[in-house]
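Here is a briefing on one protein chain. Keep the sequence and the 3D view open as you read.

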Amino acid sequence: MPTTLATIKKALEGRIGSKIMLVAQTGRKRQTQRRGVLTETYPAVFVVDLDPEENSFERVSYSYSDVLTKTVEIEFLSDAI
């Protein structure tokens, strides 16, 4: 991923509608994996609509600084079979 907040925001704006997998650090040596679709970007955060079969809630948002500090890692999933 890019190294500034502005480049992270631009990179995510260009991928709106893409399926992604998020790996979020939730504490010491604990991670949460979530799959969903990148739906919106705002000046400070981006929003992901989660897969309803895997998650108990519909959407989640993270800040661009979470990506910059590697608290959240994003992997874009291809639609290939």
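The points below cover confidence, the sheet, the core and a few single residues.

This is a predicted model, in which local features need pLDDT of at least 70, side-chain atom pairs count only at pLDDT 80 or more, and totals for chains, interfaces and linings use all residues. Residues are numbered from 1 along each chain as its sequence is written, and side-chain values use heavy atoms, with hydrogens and water left out. Five strands form an open antiparallel sheet. Helix H1 lies across S2, S3 and S5.

**Confidence**

- The chain averages a pLDDT of 88; pLDDT is the predictor's confidence in each residue, from 0 to 100.
- A score of at least 70 is reached by 94% of the residues.
- Where pLDDT is low, the predicted coordinates should not be read in detail.

**The sheet**

- The strand order is S4-S3-S2-S1-S5, with antiparallel pairing. Strands (E, at least two residues) and helices (H or I, at least four) are DSSP runs, numbered from the N terminus. Two strands pair if DSSP finds at least two bridges between them.
- S4 and S5 stand at the edges with a single partner strand each, so one side of each has no neighbour in the sheet.
- Neighbouring strands are turned by 40 degrees against each other on average, direction ignored. Axes here are lines fitted to C-alpha atoms, for helices over the stretch in contact; angles run from 0 to 180 degrees between N-to-C directions.
- Eight bridges join S1 to S2. Val23 stands opposite Gln33 in S2.
- Five bridges join S2 to S3. Thr41 has Phe46 in S3 as its bridge partner.
- Five bridges also join S1 to S5. Met21 stands opposite Glu75 in S5.
- H1 runs at about 70 degrees to S2.

**Turns and loops**

- S1 and S2 form a hairpin with two residues between them.
- Lys29 sits in the loop between S1 and S2. Its phi is near 55 degrees, a positive value in a residue other than glycine.
- Lys29 is exposed, at 87% relative accessible area. Exposed means over 50%, buried under 20%, and partly exposed in between (1.4 Å probe, protein chains only).
- Lys70 lies in the loop between H2 and S5. Lys70 also has a positive phi, about 65 degrees, although it is not a glycine.
- Lys70 is exposed too, with a relative accessible area of 58%.

**The nonpolar core**

- The largest nonpolar core has 15 residues. Such a core is a set of buried Ala, Val, Leu, Ile, Met, Phe, Trp, Tyr and Cys residues joined through side-chain atoms within 4.5 Å.
- Leu12, Leu22, Phe46, Val48, Tyr62 and Ile74 have the most contacts inside this core.
- The elements giving two or more residues to the core are H1 (5-13), S1 (19-27), S3 (45-50), S4 (59-63), H2 (64-68) and S5 (72-76).
- Beyond its neighbours within four places in sequence, Ile74 is in contact with Leu12, Ile20, Met21, Leu22, Phe46 and Val67. Contact means heavy atoms within 4.5 Å.

- Val47 belongs to S3. Val47 is buried, at 9% relative accessibility.
- The C-alpha atoms of Val47 and Tyr62 are separated by 6.8 Å, with the two residues 15 apart along the chain.
- Leaving aside neighbours within four places in sequence, the contacts of Val47 include Val37, Leu38, Arg59 and Val60.
- Ser63 is found in S4. Ser63 is buried, with a relative accessible area of 18%.
- The Ser63 side chain makes a polar contact with the side chain of Ser65 at 2.9 Å. A polar contact is a pair of N or O atoms within 3.5 Å; within protein, one must be able to donate a hydrogen and the other to accept it, and residues adjacent in sequence count only if both atoms are side-chain atoms.
- Not counting residues up to four places away in sequence, Ser63 touches Ala44, Val45 and Phe46.
- Tyr64 is in H2. Tyr64 counts as buried, at 3% relative accessibility.
- The side chain of Tyr64 reaches the backbone oxygen of Tyr42 at 2.8 Å.
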